[in-house]
Amino acid sequence: MRQRQFAFALASITGIGLAVAAGGNVPDAVTRRSGLTLAPMPRVAQLYASNCQGCHGESGSSAAEIPTLAGKVGYFTRIPEGRRYLVQVPNVALNANSDADVAAVLNWVLATYSRAQLPPDFKPYSASEVGELRQARIDVVASRRRIIGALVAAGQVPSAAALALPDPVALGREKFVQCAPCHGADGRSSVVPQYPKIGGQTAVYVVNALKAYRDGRRQGTYAAIMASVARPLSDADIDNLAVYVESLDTMK
Ligand code: HEC
Ligand code: HEC
């Protein structure tokens, strides 16, 4: 998890470059010649792109263990502890931007990705509220669990499952339907001997193998089959598939 967060943090740092390039809106040769103009990206959307998108995704929908914001995050604002929690999660509380910017990006996230879940009397976060709340250090896992329990008890969320964190094994199982025809549903009933048994293989090995196929570093007649399977997979798909394959821990 620590390693994964680090990787995501890096991805969000790389995102800064992209956002600046997109937001800078300097016309390139094609834009100048064609007269095509691009509306500048609003500053608050740029803040999201450079500070949050690396983990939470362009559409507020994340992979692996990062919570999906879209269609969900607004539920938290229905009770006071939940409203506080959204400011106190580490990546928000410790964000380097000003209180006003953090308030703006949180309000933008709520309005853009989760408007339908906001309570009718929702009041946007103010800079001073953020400034005060972000001083606190909370036990994220315990707070999140307690808040979801309270939301369910108060009938403010359809079910605890609506706010469950994405489970990488479950996500991997969904993706594995495209692997089962060759490797077998259990990962070790391959249809022809040239298709290897993979069920129970360590996740690290599976990640390395899939990336090597995807990047063309593993070659040969049979590797070519896997290269076309692996090319469309994202890093998150590969991580999820790998933990699922490892969970098929029945290779004897
Ligand atoms: C390094 C990855 C990372 C970055 C960058 C990041 N987050 Fe998060 N975010 C997480 C994780 C992981 C959680 C789950 C709580 C935890 O473990 O900290 C979370 C939880 C949240 C939550 C609570 C949602 C819930 O369901 O628990 C909100 C709201 C949120 N983040 C908003 C943001 C905003 C806004 C930004 C940008 C200012 C941001 N995050 C940047 C990883 C990240
Ligand atoms: C069309 C058949 C086919 C499909 C579909 C397929 N594979 Fe494969 N897979 C193969 C073949 C053939 C090889 C052996 C390639 C080689 O010799 O390098 C292989 C090799 C692998 C290996 C390396 C095994 C080792 O011991 O090094 C992994 C891991 C793997 N596949 C995972 C997957 C995953 C995950 C999926 C689904 C996303 C998938 N495969 C879908 C045919 C397939």
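This is a predicted model: local features need pLDDT of at least 70, side-chain atom pairs count only at pLDDT 80 or more; totals for chains, interfaces and linings use all residues.

Residues are numbered from 1 along each chain as its sequence is written, while chains are lettered from A and ligands numbered from 1 in the order in which they are written.

**Exercise 1.** Find which residues are closest to ligand 1, and which helix gives the most to its shell.

*Solution.* Start with the neighbours, counting a residue as near if its C-beta atom, placed from the backbone, lies within 6 Å. That gives 23 residues, with N51, C52, C55, P67 and N91 the closest. Next, look at the helices (DSSP runs of H or I, at least four residues, numbered from the N terminus). The top contributor is α1, with 4 residues.

**Exercise 2.** Work out how the shell around ligand 2 divides by residue class.

*Solution.* First, gather the shell: 20 residues, including C179, C182 and Y222 among the closest. Then sort them: Ala, Val, Leu, Ile, Met, Phe, Trp, Tyr, Cys and Pro are nonpolar, Asp, Glu, Lys and Arg charged, and the others, Gly among them, polar. You get 15 nonpolar, 4 polar and 1 charged.

**Exercise 3.** Describe how α5 and α9 pack.

*Solution.* For α5 (residues 80-88) and α9, the angle is about 145° and the axes are 9 Å apart.

Terms used. Helices (H or I, at least four residues) and strands (E, at least two) are DSSP runs, numbered from the N terminus. Axes are lines fitted to C-alpha atoms, for helices over the stretch in contact, and angles run from 0 to 180 degrees between N-to-C directions.
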